[in-house]
Amino acid sequence: MAVGDETAVARLATVKQAIVRAEEAAVRRGGPAILVAVSKVFPAEVIDPVIVAGQRVFGENRVQEAQGKWPALKDTHPDIELHLIGPLQSNKAADAVALFDVIQTVDRPKIARVLAQEMKEQGRSLSLFVQVNTGEEPQKAGVSPGDAVSFVAMCRDELSLNIVGLMCIPPIDEEAAIHFALLDKLANECGVEGRSMGMSGDFETAISFGATHVRVGSAIFGARPTKNGADG
Ligand SMILES: *Cc1c(COP(=O)(O)O)cnc(C)c1O
């Protein structure tokens, strides 16, 4: 246990240094990229030392799993910012609004409407990203690139949602850089600042293409057991 914890904390420092180097190498518009530490599958005992080491922004991909560990961790550390980075079903929207601070996977009008309603009922205002299916993969969530501008406009104008950025998960078998460049271009067209892109294998590339948020799991917490490790 202790060895594993130290490893996660040591890896956190390595990832943070790599982000700083990538930012120095890139011509950046905004401030430093925000590291979203993706803690899915890992239990609270593994996450806690990473919090103690100073990390405050975390990502989880399942609402139910997050409910099992984050309420207690957030009680102890009220300044935690928790991001939902996995698909959201309407019947989990109330729970997601109650627990998460940011939802990165808004991808269809129905879930946008349900989130607007839930935030109103709960008196909470979350920051939201629209997920874009940059590779137009049939099995993957996200609006298609051609629909991004109109969908973001609908979320803002009709539902008054606080859309802060776009998010993408590039196809596994393609050059990620092409997808990062596309997301950056779409974010400009949509008039949003946030670009959530880049994971353990490619966050430095994502930063060079303007990532504002990188979602890094295994490079911090180590390899996930494959059973629950599949993305999305
Ligand atoms: C799991 C996951 C990540 C982190 O992946 P790593 O390769 O472990 O860094 C990032 N984004 C999403 C959407 C994920 O589901």
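This is a predicted model: local features need pLDDT of at least 70, side-chain atom pairs count only at pLDDT 80 or more; totals for chains, interfaces and linings use all residues.
Q: Hi! Which residues have the most contacts inside the largest nonpolar core?
A: Those are F58, W70, F100, I103, L115, L166 and F221, in a core of 65 residues. As background, nonpolar side chains in soluble globular proteins tend to be buried together.

Q: Let's take F58. What is F58 in contact with, leaving aside its neighbours within four places in sequence?
A: Its contacts include V36, A37, I47, V50 and I51, and also W70, L82 and F221.

Q: Where does F58 sit, and which residues share its side of the strand?
A: F58 belongs to strand β2, residues 57-60, and is on one side with E60.

Q: How does β2 pair with β1?
A: β1, residues 34-38, runs parallel to β2, and two bridges join them. A37 has F58 as its bridge partner in β2.

Q: And which helix makes a β-α-β unit with those two?
A: That is α2; together with β1 and β2 it makes a right-handed unit. The helix covers residues 44-52, and its buried residues are V46, I47, P49, V50 and I51. After α2 comes G54, which has a positive phi near 115 degrees.

Q: What about β3, how many bridges does it have with β2?
A: Four, again in the parallel sense, with β3 being residues 81-84. E81 is the bridge partner of V57. Between β2 and β3 the chain crosses through helix α3, residues 63-76, in a right-handed β-α-β crossover.

Q: Changing topic: how many salt bridges does a search of the whole structure find?
A: Nine. One of them joins R56 and D79, with the closest N and O atoms 3.0 Å apart.

Q: Why does that pair tie together separate parts?
A: Because R56 is in the loop between α2 and β2 while D79 is in the loop between α3 and β3, parts that are 23 residues apart in sequence. R56 counts as partly exposed, at 26% relative accessibility.

Q: What does K69 form a salt bridge with?
A: K69 pairs with E65, at 2.8 Å between the closest N and O atoms. Both are in α3, four residues apart, about one turn of the helix.

Q: Is K69 buried or exposed?
A: K69 counts as buried, at 10% relative accessibility, whereas E65 is partly exposed at 24%. Both also belong to a salt-bridge network with E60.

Note on methods:
Residues are numbered from 1 along each chain as its sequence is written. Side-chain values use heavy atoms; hydrogens and water are left out. A nonpolar core is a set of buried Ala, Val, Leu, Ile, Met, Phe, Trp, Tyr and Cys residues joined through side-chain atoms within 4.5 Å. Buried means under 20% relative accessible area, exposed over 50%, partly exposed in between (1.4 Å probe, protein chains only). Contact means heavy atoms within 4.5 Å. Two strands pair if DSSP finds at least two bridges between them. A crossover is right-handed if, with the strands pointing away from the viewer, the path from the first strand over the helix to the second runs clockwise. A salt bridge is a side-chain nitrogen of Lys or Arg within 4 Å of a carboxyl oxygen of Asp or Glu.
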